[in-house]
Amino acid sequence: MAPKPVGRFRTLPDYPLATIPQKKRELAARGVDVIDLGAGDSDLAPPVGVVDALASAAATPALNRYGFGLGLVAFREAICAWMLKRFGLRFDPLTEIVPLIGSKEGIAHLALAYLDPSRLAIIPEPGYNAYQGGTLLASGEPYRYALRPRTNFLVDLDEIPDEVLRRTGILYLNYPNNPTAAIAPRDYLERVVARCRELDILLVYDNAYSELAYDGYVPPSIFEIAGARDIAIEFHSLSKSYNMTGWRCGWAVASPEIAGVLTRVKTFVDTGQFMAVQAAGVAAIESYDTFMPGNLAAFKARRDAGTAAFRAAGFSCETPRATMYLWIPLPGEIPSALFAERLLEEEGVVVMPGSAFGAGGEGFFRISFVTSPERIAEAARRAGRVLSSMGAEVA
Ligand SMILES: Cc1ncc(COP(=O)(O)O)c(C=O)c1O
């Protein structure tokens, strides 16, 4: 009999994507043509220079040593130059940037410093799983707020009881949003920053999708909002902007005080990202002007094909102005998990049921723009067939 983990561990829910690789293998073995629109993990290539930058950095002995918290100073400097160019914001490379082993790592570890059993974290649901993972592992108390069309998928702090807000240590916000593809208006962000300042709440602003935006929309940094530097930390990632999910490279940006807290936690749990990966990160960031337009055009073609095809197949979906997702409502009372299961079993298409993101996600499913427009359109036709047969059964 193995030793038992503590109760905190048992509060972790099942990871939604955990069983999909196995199911996909079974279907492929049966000869099914599987289309996977599940994880937000694009099939597109990273910028050309990053592989060369990795190779030459990896061949440099000094960059094979521990990076420690400081890491490659050139990576910090490239981040700051980009933040200035992109958002018009100045940060100090040495004290206000925290290099991360993927932004998920930093998001999850940060909770260890700001939560304990006396404090709550406001967790948007549906939402990225590291918010609740960090909260639960830090023994913080989750307060789940359902993101629904009623509030345009925004967390309305006025709806949260005062006694909850008074005990809140962290508010997690992510706009452009995974999975709903919602974006946050500037006046909303101003209200949130003002409330967090009044209540002394750490605003964890997850900006992983800041560069995947369309039709002229330019997502802001939270630090464009006056006063945000007092209470916010913002997370960025190379994963989605540069098709580098597997590289595990991102960063946090915050005032020296808040950045220093995360740095201190990380000092005790990791010894820094491989500096050759950070060198590749410099190459990625420096390719921004040449790489981003073509990459965005590819995502936009997928978005347009997906939106048109899912509408033609009988679904109603908004055209998202950002992210790599469609968040598609299911008509009637069709349970999202059952729909996703039937779509996978009968048609070989992987989508994420809304319920996999928690009860707040029920009634929707998510597709990711991770394959070609033609394959996304084919997946929509297959989804339409399942919808018709389930709709007929529900009716
Ligand atoms: C909202 C959001 N934040 C953070 C991440 C994590 O990205 P990274 O690969 O940098 O850990 C993801 C990845 O899916 C995400 O959707």
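Which side chain meets that of lysine 85 in a salt bridge? The model is predicted, and in it the partner of lysine 85 is aspartate 289, at 3.4 Å from N to O. This pair links distant parts of the chain: lysine 85 belongs to helix H4 (residues 73–87) and aspartate 289 to helix H13 (residues 288–312), 204 residues apart. Lysine 85 has a relative accessibility of 49% and counts as partly exposed.

**Salt bridges**

Side chains of opposite charge can pair when their charged atoms come close. Over the whole structure, a search finds 23 salt bridges.

| Lysine 85 | Aspartate 289 | 3.4 Å |

Arginine 167 is partly exposed, with a relative accessible area of 38%, and glutamate 141 is partly exposed at 36%.

**Aromatic pairs**

The search of the whole structure finds 19 aromatic pairs. One of them joins tyrosine 128 and tyrosine 131: the ring centres are 6.0 Å apart and the planes are at 75°, so the pair is edge-to-face. Tyrosine 128 is partly exposed, with a relative accessible area of 25%, whereas tyrosine 131 is buried at 1%.

Tyrosine 242 and phenylalanine 291 form a stacked pair, with 5.9 Å from centre to centre and 25° between the planes. Tyrosine 242 lies in the loop between helix H10 (238–241) and strand S8 (250–254), and phenylalanine 291 lies in helix H13, so the pair ties together parts 49 residues apart in sequence. Both tyrosine 242 and phenylalanine 291 are buried. Another group, made up of Phe75, Trp82, Phe87, Trp251 and Tyr288, forms one aromatic cluster.

**The second largest pocket**

The second largest pocket has a volume of about 450 Å³. Its lining has 20 residues, with Phe153, Thr180, Ala181, Ala182 and Glu318 lying nearest the centre. Strand S9 (residues 325–329) supplies the largest share of this lining, four residues. By class, the lining divides into 14 nonpolar, four polar and two charged residues.

**Helix H14**

Helix H14 (residues 336–347) has 12 residues, which at 1.5 Å a residue should span 16 Å; the end C-alpha atoms are 16 Å apart, so the two values agree. The buried residues in H14 are Ser336, Phe339, Ala340, Arg342, Leu343, Leu344 and Glu347. An α-helix has 3.6 residues a turn, so residues three or four places apart point the same way. Just after H14, glycine 348 takes a positive phi of about 70°.

Terms used: Residues are numbered from 1 along each chain as its sequence is written. This is a predicted model: local features need pLDDT of at least 70, side-chain atom pairs count only at pLDDT 80 or more; totals for chains, interfaces and linings use all residues. Side-chain values use heavy atoms; hydrogens and water are left out. Helices (H or I, at least four residues) and strands (E, at least two) are DSSP runs, numbered from the N terminus. The expected span of a helix is 1.5 Å times one less than its number of residues. Buried means under 20% relative accessible area, exposed over 50%, partly exposed in between (1.4 Å probe, protein chains only). A salt bridge is a side-chain nitrogen of Lys or Arg within 4 Å of a carboxyl oxygen of Asp or Glu. On a 1 Å grid over the protein atoms alone, a cavity is a set of points where a 1.4 Å probe fits but cannot get out, and a pocket is an open set with protein on both sides within 12 Å along at least five of seven lines; lining residues have an atom within 4 Å of a point. Grid points are joined across faces, edges and corners, and a volume is the space filled by probe spheres set on the points. Ala, Val, Leu, Ile, Met, Phe, Trp, Tyr, Cys and Pro count as nonpolar, Asp, Glu, Lys and Arg as charged, and the others, Gly among them, as polar. Rings of Phe, Tyr and Trp (its six-membered ring) pair if their centres lie within 6.5 Å; planes under 30 degrees apart count as stacked, over 60 as edge-to-face and the rest as tilted.
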